[in-house]
Each structure stands twice: as structure tokens, then as C-alpha cells.
Amino acid sequence: MKILVTGSGGFVGKNLVAELKNRKYNDIYEYDINTDPAELDVYTKNCDFVFHLAGVNRPKNETEFMTGNFGFTDTLLNKLKENGNCTPVLITSSIQAELDNPYGKSKKAGEDRMFSYSEETGNKVYVYRLPNVFGKWCRPNYNSAVATFCNNIAAGLPIKVNDPSVVMNLVYIDDVVKEFINALEGRANIVGKFGTVPVVHTTTLGHIVEIITSFKENRRGLELPKLDDELERKLYSTYLSYLPEDDFSYPLDMHVDERGSFTEFIRTPDRGQVSVNISHPGITKGNHWHHSKNEKFLVVKGKGCISFRKYGTDEVIDYHVNGDKLTVVDIPTGYTHCITNEGDEDMVTVMWANEAFDPDKPDTYYEPVR
């Protein structure tokens, strides 16, 4: 299948082309602002599907709205008609097509041209009125508030919020691309005359800023966002794509002593804490028990013994583990436990606890296993 994508270098186009290639659609005609216009005749003659994503958002002159959003659409459709190509055409419009402003009028004119073309030719058209689209590769300080907030907050630059109570409808770029490929494959989600992206997130501008700001703050405290919240999860993925390239890494606070080290890696409000424990040869750590706190130990380097004794009993249970055969050991409540490095190199253990450590409520009581 030969696929024509206009606006292939833009935000939506770049994401769509990348995913099409991931799905082995490799015969793609990429048409963008710098493409030789003569190519359009070749592309419209041979293509089997058209994603018409090209448009004008921020022109120097308002007249460019109509030229870019209606004029080029008309040119594209006329080329298809001249070449006798009955291929389906999908166009991205905007919810602003309902508004009485130059941009909205130009998008509405493009929609109307698409529908009249379909009536004239009988060819299939898909018109998607998209709300605010967010995700990776979107240009900040252009036409996406989310991109601007992510970029500026990640870089420590100021942001401006005129009215935090403004309600926004958002769609995530991956959901948009998924729906567009569904249309390509004959599974478009159509409501009335328009194609729609099934997953739409509705929230306020202030809430978006609050969430994105928390990402920067939580990084310092090793905390992760609420990944069970779909919007927050998508905003977090978007935010990370705007990190300055010299800020991908951040140091951890290693607690080092003569036995080795203990370092917190991740803290969450509802999924516990992950830490990395390094023990020198012959060293035993632990010898304590918990009422409610529970843990999982995973030795990833070296070899050792994890020992248990149920509180109030004498029997000791030993589990011998090593990094050559990864094995998770659960640490039950009510059992005093310890871990001993039995090798001649440092032993590295990944430890998960069901709750982040709270010095005011440690739930940790000293009791030797042996």
C-alpha cells in the first residue's frame, strides 16, 4: 500500500509516519512544506490512501489561514480527481471549525470542501475535528499549551496561566495515531459526519499545570506520578520528552558504611519503594522484623543467604540465592530476617517494600535471626 502523508514533518505527521513504519507500512510518500510541489502530482497518481495533515496554525498574515487550510486541500483533491484516483482521504480539522474566527473559518472551509468532494466523486473521506493534541515532538511556544508547559517547566523557564479554570479537552498523540491507522485499515470511529478519537481527557488548565509542575518536584524526591491515572500517565510521558538533554540523569543519595551501601531508587505514594542494597563479602544485614511492612528481595549480583525465623520460635529457614539465577524472595510480616553475602565479591540486591520508609513510623524491630 502506498500512503501519502501531507504535513509529514509536523507534530501529528511525524508521529504517524513513525508508527506506520513500525507497522511495516514502508511505502510512504512524505509531503511537507519543503517538498517539491511537482511531487504532488506523482504522489496523488499512485497513492492508495491519503492522510492530509498539512495546515497553517500561526501565519504572519491572516489570509494565509484560508490559503493553507482550504487552498491546499482544494489543490490536493483536484489532483486526485485529475489523476482518476479514488483513494480515501483523511483530513485533520479542529474543534475551532465551529468558531467565528479566521482559523476556524479556514478549517470549516476545508471540511466543506472534503464533503463536497465526496459527494461529487463518491470517494471515501474522513474528517477528524481534533481538540487539543499533546505528546512528544510537539513544538512548544507554538500552538500547544501542554508542550509549552512541559518544555518550560522542565527547563526551569517561567510559564503564564491567564485563567486556570479554563476547561480543556485533550487527546494524546498515540491515541490519535491509533485511530488514524484504524481508519486506514477500515475501522474508523465515526460519530455523525466526523471521525473521532475515542479517548478524550477533560480537565482544567490549572490542573494540567499542577500535574506537570509536580513531575519536576517529585523527581527530586524520587517519587513517581499516579500511573493509574490515564491522563497523568500520558502527561508524564510527554513531560519526559521535553527534558533538557543535559538533565536526563540525576544523582541518588547513597547511604554508605563499612558494610556496603543502601540507596533509595523510587518512592511512590501507593506502590511502595524500590532500593538497591550493596553488601561486602561476609557482611550480614537486617536482623529485624515488621508488623505490616513487607518486602521482596532480588539478588542480581553475587551470592548470598536470606534467613528467616518466625517471631517467638527457634526454627531458622535459609534461602540461598545468586545473581546467576534470578529468584525473588518474599519477606513475610512477623518473621525476623537477614541477608548475608556468602561470596567473595560485592552482592547487589534490589529490594521492594510495600510502603515508602517513614522515619516516624518505621515498623522495624531489631531481633537477631540466630
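Predicted model: local features only at pLDDT ≥ 70, side-chain atom pairs only at ≥ 80, totals over all residues.

Q: OK, helix α5: mostly covered or mostly open?
A: Mostly covered. It spans residues 145-155, and eight of its 11 residues are buried.

Q: Which ones are they?
A: The buried residues of α5 are V146, A147, T148, F149, C150, N152, I153 and A154.

Q: Let's switch to the cores. How many residues are in the largest nonpolar core?
A: That core has 48 residues, and V5, L16, L20, F51, V176, F180 and I212 have the most contacts inside it. Helix α6 (residues 173-184) gives the largest share, seven residues.

Q: You mentioned I212. What does it touch, leaving aside its neighbours within four places in sequence?
A: I212 is in contact with V146, F149, C150, I153, L235 and Y239. V146, F149, C150 and I153 are among the buried residues of α5.

Q: What about a core apart from the largest one?
A: There's another core of 19 residues, with L4, Y43, L80 and F115 among them.

Q: Now cavities. How many are there of 30 Å³ or more?
A: The count is one. The largest cavity has a volume of about 60 Å³.

Q: What lines the largest cavity?
A: Its lining has 12 residues, and N69, T73, I91, T92 and K107 lie nearest the centre. Two or more lining residues come from each of α3 (63-82), β4 (89-94) and α4 (102-121). The largest share, four residues, is from α4.

Q: How does that lining divide by class?
A: Two nonpolar, eight polar and two charged residues.

Q: Last topic: what's the volume of the second largest pocket?
A: About 620 Å³. Of its 26 lining residues, F262, N277, H288, E295 and M351 are the closest to the centre.

Q: Which strands supply at least two residues of that lining?
A: β11 (254-257), β12 (260-267), β13 (273-279), β14 (284-289), β15 (295-301), β19 (335-341) and β20 (347-353) each do.

Q: And the classes there?
A: The lining of this pocket has nine nonpolar, 10 polar and seven charged residues.

Methods:
Residues numbered from 1 in each chain as written. Heavy atoms only, no water. 1 Å grid on protein atoms, 1.4 Å probe; cavity = no way out; pocket = protein on both sides within 12 Å on 5 of 7 lines; lining within 4 Å. Points joined across faces, edges and corners; volume = space filled by probe spheres on them. Nonpolar A, V, L, I, M, F, W, Y, C, P; charged D, E, K, R; others polar. Buried < 20%, exposed > 50% of the residue type's maximum accessible area, 1.4 Å probe, protein only. Core = buried A, V, L, I, M, F, W, Y, C linked by side-chain atoms within 4.5 Å. Contact = heavy atoms within 4.5 Å.
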